[in-house]
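The following exercises concern the sequence and structure shown below.

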Amino acid sequence: MSKQITVPFGPQHPVLPEPLHLDLVLEDETVVDVVPTIGYVHRGLEKLVEKREYTEYVFIAERICGICSFIHSQTYVQGIEQIMGLEIPERAQYLRTIWGEYSRLHSHLLWLGLFADGMGFESVFMNAWRLREHILDDLEATTGGRVILGVCKVGGVRKDITPEKLDEMLRGLKAMERELQDLTNVFLHDNSVSHRLKGLGVLKKEDAYQLGAVGPTARGSGLAIDIRSTGYGAFDRINFRPVVEQDGDCYARCAVRARELFTSIDIIEQCIKKIPDGPVDMKVTGAPDGEYFSRTEQPRGEVIHYIKGNGKKNLVRHRVRTPTFTNIPPLVTLLKGVELADVPVVVLTIDPCIGCAER
Amino acid sequence: MMAAQTITQIAVGEVVAKAEQAQRDGYRLVQIGCTKIGDDFEIIYVYDKDFVLLNYRITVKQDTVVPSISGAYFGAFVYENEIHDLYGITVSGINIDFKGTFYRTAIKHPFSVTITKEGDA
Amino acid sequence: MTFFQNTRTVLKSLFSRPSTLMYPAKPAKKTENTRGHVTINPAGCITCRTCQRKCPTQAIVVDVKEKTWQIDNMRCVVCAVCVDTCPTKCLAMDTQYRPAMTARGGVEKFTVAGPKKKEPAAAPADGVKPKEPKE
């Protein structure tokens, strides 16, 4: 019977972008059990509904996370609009979808850089973040902010994009597609990367479904769970197929994210071709009275906002369940049997965004 | 645009039975959320299959003991520990029970008190 | 296995300028939509306090009696709600972000024009004098 020792991983660790603590129980360098602890960046943002009206709360909903901020605000205003029965203009739906897909591009490139850096592959890190600068420049030129866009509001969006700017954005993306292809080829076909990732941290399909895995963590194991298929925003008018891989190991999850980069560019191209003219916002009066579950697909998976109002200007409850929060039980399961030196790489493949998870 | 959503009210004793029924029918657990309305707490269990939501709601008081569904769904422990730490509702029988140390906050059970507006945020 | 996949990118990086910006020696990238800090045209302000009510971080404080408009630049998150909702359009968003500070500060106070008093159309009734609009 070998001796078991407990090694703490985190909250301060060079590969982790945000603090997460795992107590790893080891037998001779192999992990047999994991106890997770979060709560290092708990800000209690949901309590602020008592102090801010529902129209001002968009800015707080945006700041739940820095990387996936636009889609949080989109989910929130979508929920409020469903409760109040508002039909926002078509152009606003398309603009929100375009900005949402830009956010997904920037998040996946950020993840790719961090992941490569966690493995020691610095040149992919620098190239990925250099490409990400082009995306952030486009976001800044159209909305005014690089990461926290501040452009969603109840009833539509606050800014419009001219058709010339849309064409310029499309040309920029097409030119970038060639470099993205090079980058993902280098990363996915590299010998050391394949050796390190294939067969590691396998999450089986039934386990993924039972434990509540979402996003690329689930799609890498063969489950086609992608909330964009339900048709929120402009997705009911666009051809879209979720990207699914069957193996369930770390390599499959990385391949899902790499292929989603190209799916996002395709979605943006379809939106820009189909976007109608018209207003981008509508007048909103009154207050929400009712409850609703609003779901969208963030870069890391399915996010669900529960909004409850009772007719006053302040909401009763706003509850956010982010994808990383529900990906923690699958993480605990798939770390069993992994060697200690591989733990950082495996933790990074689920793309932890602990700031989201704890709000 | 979206389908209408219904929330079914059930009793505290039926929580585990409904969870096991949902698991047999092939639903996955989406979230367990808690809301404070006046002196009561509402806990909503949300399940999903093929993008159709199935919601159950129970209404409890501060000292009600709620049974855990982590026998049917292993991943429920994160939600149930969070409800205990933020609202102070006891959940019995969680498979990984942090006993109040999941979130360490300066005020215990912060969401169960309503802070009145004193000046700036 | 593939060979020389990265050659194109490597050669491009070797023979072109570095992509990093030498900020703050060179100014940061700006577009016309960039949100930097809030500026006010004091002559246009009528102290209606809409900006103070709408500000999500409560960074603006308007004193109607003293006729001052004050903004705490360190609290401001440059969301531009005040700019959008000002009825006289006296607030504007500048593209330059505020300078870095090493101590608490950043509160700017302006003396503003205040609401314009209306001139009565007919001759004044007894005891009521017409007031001129203040500058």
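**Exercise 1. Describe the open sheet of chain C and identify its edge strands.**

Step 1. Three strands of chain C form an open sheet with antiparallel pairing, in the order β2-β3-β5. Strands are DSSP runs of E with at least two residues, helices are runs of H or I with at least four, and both are numbered from the N terminus. Two strands pair if DSSP finds at least two bridges between them.

Step 2. β2 (60-63) and β5 (107-111) of chain C each have a single partner strand and stand at the edges, so one side of each lacks a neighbour in the sheet.

Step 3. On average, neighbouring strands of this sheet are turned by 15° against each other, direction ignored.

A note on conventions: the model is predicted, so local features need pLDDT of at least 70 and side-chain atom pairs count only at pLDDT 80 or more, whereas totals for chains, interfaces and linings use all residues. Residues are numbered from 1 along each chain as its sequence is written, while chains are lettered from A and ligands numbered from 1 in the order in which they are written.

**Exercise 2. Determine whether C:I71 is buried or exposed, and list its contacts.**

Step 1. C:I71 is found in strand β3 of chain C. This strand (residues 68-72) pairs with β2(C) in the antiparallel sense over four bridges, and C:I71 is the bridge partner of C:I60.

Step 2. C:I71 has 25 other C-beta atoms within 10 Å and is therefore buried. The criterion is 20 or more other C-beta atoms within 10 Å of a residue's own for buried, 12 or fewer for exposed, and partly exposed in between, with C-beta atoms placed from the backbone.

Step 3. Leaving aside residues up to four places away in sequence, C:I71 touches C:V38, C:A59, C:I60, C:C76 and C:E108. Contact requires C-beta atoms, placed from the backbone, within 7 Å.

Step 4. From C-alpha to C-alpha, C:I71 and C:V107 lie 5.7 Å apart in space, although 36 residues separate them in sequence.

**Exercise 3. Characterise the packing of α4(A) against α5(A).**

Step 1. Helix α4 (residues 122-143) and helix α5 (residues 163-189) of chain A pack at an angle of about 165°, with axes 11 Å apart. The axes are lines fitted to C-alpha atoms over the stretch in contact, and angles run from 0 to 180 degrees between N-to-C directions.

Step 2. α4(A) and α5(A) are therefore roughly antiparallel, a class that covers angles over 145 degrees.

Step 3. The residues of α4(A) in this contact include A:L131 and A:H134, and those of α5(A) include A:M176 and A:L180. By class, the contact has nine nonpolar, four polar and three charged residues. Here Ala, Val, Leu, Ile, Met, Phe, Trp, Tyr, Cys and Pro count as nonpolar, Asp, Glu, Lys and Arg as charged, and the others, Gly among them, as polar.

**Exercise 4. Trace the pairing of β2(A) with β1(A) and β3(A).**

Step 1. Six bridges pair β1 (residues 4-9) with β2 (residues 21-27) of chain A in the antiparallel sense; A:T6 stands opposite A:V25.

Step 2. β2(A) is also joined to β3 (residues 30-37) of chain A, running antiparallel, by seven bridges; A:D23 has A:V35 as its bridge partner.

Step 3. The hairpin of β2(A) and β3(A) has two residues between the strands, and A:D28 takes a positive phi near 55° there.

**Exercise 5. State how many residues join chain B to chain A.**

Step 1. In this contact, 25 residues of chain B meet 26 residues of chain A.

Step 2. Strand β2 (residues 28-37) of chain B gives the most to chain B's side, with seven residues.

Conventions
Two residues are in contact if their C-beta atoms, placed from the backbone, lie within 7 Å. Angles under 35 degrees count as roughly parallel, over 145 as roughly antiparallel, 65 to 115 as roughly perpendicular and the rest as oblique.
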